[in-house]
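This account leads through the packing of helices, the spaces left between atoms, and some features of the backbone. Please keep the structure in view while reading.

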Amino acid sequence: MSGQTFDVVVIGAGPVGEVAAERAARGGLKVALVEHELFGGECSYWACIPSKALLRPGNLLAAAKRIPGVPIGDRLDPAAVFARRDWFTGKGDDAGQVEWARGAGIEPIRGHGVLTGEREVTLDGDRVLTARHAVIVCTGSVPSKPSIPGLDTIRPWGSREATSAESVPRRLGVLGGGVVGVEMAQAFATLGSEVHLVITGEQPLPRNAAFAGDLVLHGLREAGVYVHTESGIERVATGSGGTELTLKDGETVVVDELLLATGRRPATAGLGLEAFGVEAGRALEVDDTGRVSAVDGGWLFAAGDVTGRAPLTHQGKYGARAAGDTVAALAAGTFSSAAPWSKYTATADHHAVPQVVFTDPEVAAVGLADARPGSADRVVDIDIAVAGSSLHADGYTGKARIVVDTERNVLLGVTFVGQDVSELLHSATIAIVGEVPLDRLWHAVPSFPTISEVWLRLLEAYGL
């Protein structure tokens with residue numbers, strides 16, 4: 001066996017692994033970045049980037065139709081949409097990401113890494129990488145597959161197949177009312193598919209404020225999506241006309257492709273973690289610095305979806321910064337404190353996790369979606385009805401919510417739903433992270449006429 005020694009070995013070269021490696025390298029450490037697929041990871045080629053490239057044209061067309069006098073057509077050009085997506089993903093060419101790693105002082109290494117000892121990673125059984133200080137696991141997550149009779153008789157789509165599709169299926173079934181389900185249902189409806197979205201509840205996005213699900217449900221139906229609520233798929237069968245889906249109410253829907261959007265689980269299988277007391281397939285529980293709690297010796301760290309903390313690319317990168325900086329500081333003997341809100345801790349995971357659902361309407365939320373049970377929290381809901389929204393689109397429809405800790409007079413959560421509300425979210429995130437008192441937030445005057453004036457209306461509705 002050949003062998004090499006580094007200060008840090010990072011397993012997984014998606015955005016999270018790249019950030020962890022870069023922060024460690026910036027701290028003066030020699031870093032190896034290991035990847036068995038594409039450098040750039042899931043987000044770059046099969047998730048965040050291509051999905052938003054597929055969604056944007058449909059959202060833009062819908063927005064243009066809300067403004068009289070804009071010369072538009074009625075349909076998208078799928079070939080042009082796919083070509084633009086391919087420009088962003090490079091159709092799987094990761095040469096640029098590899099060169100970025102080298103330019104950042106990181107050694108990119110292709111191979112499947114397995115933990116075979118303390119601070120030891122073996123690649124494909126014949127190459128051993130030894131880490132002087134730490135191994136950081138950033139392997140992300142993989143799709144969960146439901147158990148449905150007959151499902152093994154077809155080749156269903158996962159999110160990868162949906163975002164990398166080369167053509168638009170005439171009929172698409174989508175199972176799951178989470179973010180992937182609603183985004184892909186709307187994207188393919190605007191591209192020309194007959195889409196059937198099957199969800200278990202009365203509305204999609206059950207983790208968000210109820211009005212978010214209501215407005216997105218309306219938006220999906222406006223886009224032509226057939227939404228089957230309080231349902232599920234009882235069985236799958238292949239027929240001469242396509243794939244037959246028998247729903248829980250007995251209805252049969254025939255589709256050409258079936259997308260499973262039923263969640264994801266941490267990608268911890270096949271990493272050799274069992275030897276260190278960690279069950280394969282389970283999340284790697286970490287403290288706020290990213291250190292894996294179950295492994296003795298303090299040498300194993302993790303960040304991103306693999307930890308199960310906040311499975312979002314931006315939060316994963318945030319945790320990766322903390323982990324990379326912590327490892328570098330410990331190696332240099334300069335580590336000061338893991339106090340909340342220090343550069344070495346991912347404290348915001350517990351208080352202010354922002355997320356945007358890029359449907360039409362968009363859902364932008366951070367912090368709590370509702371009041372805490374038994375608390376003195378107060379919830380304020382208003383329509384987004386300001387001069388800026390009226391100018392933005394005829395018939396603009398949207399809602400906003402704040403959740404207020406009345407004892408401390410600070411925000412705990414904010415939700416916006418409406419066209420183009422995603423860019424409002426960071427101001428809400430800053431207000432929550434900074435614990436800005438509402439009477440001080442009152443003095444953050446929104447520009448007129450912008451949709452941001454909704455902040456003034458929210459504070460007025462609260463009583464300021």
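A crossing of two helices is called right-handed if the near helix is turned clockwise from the far one by less than a right angle, and left-handed if the turn is anticlockwise. With that convention in mind, the reader may turn to the model, which is a predicted one, and begin with helix α1, which passes α9 in a right-handed crossing.

Helix α1 covers residues 15-26, and its axis lies 7 Å from that of α9, at an angle of about 25 degrees. Angles under 35 degrees count as roughly parallel, and α1 and α9 are therefore roughly parallel to each other. On the side of α1, the contact is formed by Pro15, Val16, Val19, Ala20, Arg23 and Ala24. Their counterparts in α9 are Thr313, Gly316, Lys317, Ala320, Arg321, Gly324, Asp325 and Ala328. Sorted by class, the residues of this contact comprise 7 nonpolar, 3 polar and 4 charged.

A second pair is made up of α3 and helix α4, the latter spanning residues 78-89. Here the angle is about 150 degrees and the axes are 9 Å apart. Angles over 145 degrees count as roughly antiparallel, so α3 is roughly antiparallel to α4. The handedness of this crossing is right-handed. From α3, the residues Ile49, Pro50, Ala53, Leu54 and Pro57 take part, and they meet Val81, Phe82, Arg84, Arg85, Phe88 and Thr89 of α4. This contact contains 8 nonpolar residues, 1 polar residue and 2 charged residues.

The crossing of α7 and α8 is left-handed. Val182, Ala185 and Gln186 of α7 make the contact with Val216, Gly219 and Leu220 of α8. In this contact there are 4 nonpolar and 2 polar residues, and no charged residues.

Attention may now pass from the helices to the spaces between atoms. Rolling a probe the size of a water molecule over the atoms shows where empty space is left. How many cavities of 30 Å³ or more does a search of the whole structure find? The search finds 1. The largest cavity has a volume of about 110 Å³. Its lining is formed by 17 residues, and those nearest its centre are Gly304, Thr307, Arg309, Gly319 and Asp349. Taken by class, the lining of the largest cavity holds 6 nonpolar, 7 polar and 4 charged residues.

The second largest pocket has a volume of about 750 Å³. Of the 30 residues that line this pocket, Ala62, Arg66, Glu222, Ala223 and Asp360 lie nearest its centre. Which elements give two or more residues to its lining? They are α3 (48-65), α7, α8 and β21 (410-418). Helix α3 gives the most, with 5 residues. The lining of the second largest pocket divides into 11 nonpolar, 12 polar and 7 charged residues.

Some backbone features remain to be described. Most residues other than glycine have a negative phi, and most peptide bonds are trans. Asp360, one of the residues nearest the centre of the second largest pocket, is joined to Pro361 by a cis peptide bond with omega near 10 degrees. Pro361 is located in the loop between β17 (354-357) and β18 (362-367). Another cis peptide bond links Phe448 to Pro449, with omega about -5 degrees. Pro449 belongs to the loop between α12 (438-441) and α13 (454-462). In Trp341, a residue other than glycine, phi is positive, near 70 degrees. Trp341 is placed in the loop between α9 and β17.

Definitions and conventions
Residues are numbered from 1 along each chain as its sequence is written. This is a predicted model: local features need pLDDT of at least 70, side-chain atom pairs count only at pLDDT 80 or more; totals for chains, interfaces and linings use all residues. Side-chain values use heavy atoms; hydrogens and water are left out. On a 1 Å grid over the protein atoms alone, a cavity is a set of points where a 1.4 Å probe fits but cannot get out, and a pocket is an open set with protein on both sides within 12 Å along at least five of seven lines; lining residues have an atom within 4 Å of a point. Grid points are joined across faces, edges and corners, and a volume is the space filled by probe spheres set on the points. Ala, Val, Leu, Ile, Met, Phe, Trp, Tyr, Cys and Pro count as nonpolar, Asp, Glu, Lys and Arg as charged, and the others, Gly among them, as polar. Helices (H or I, at least four residues) and strands (E, at least two) are DSSP runs, numbered from the N terminus. Contact means heavy atoms within 4.5 Å. Axes are lines fitted to C-alpha atoms, for helices over the stretch in contact, and angles run from 0 to 180 degrees between N-to-C directions. Angles under 35 degrees count as roughly parallel, over 145 as roughly antiparallel, 65 to 115 as roughly perpendicular and the rest as oblique.
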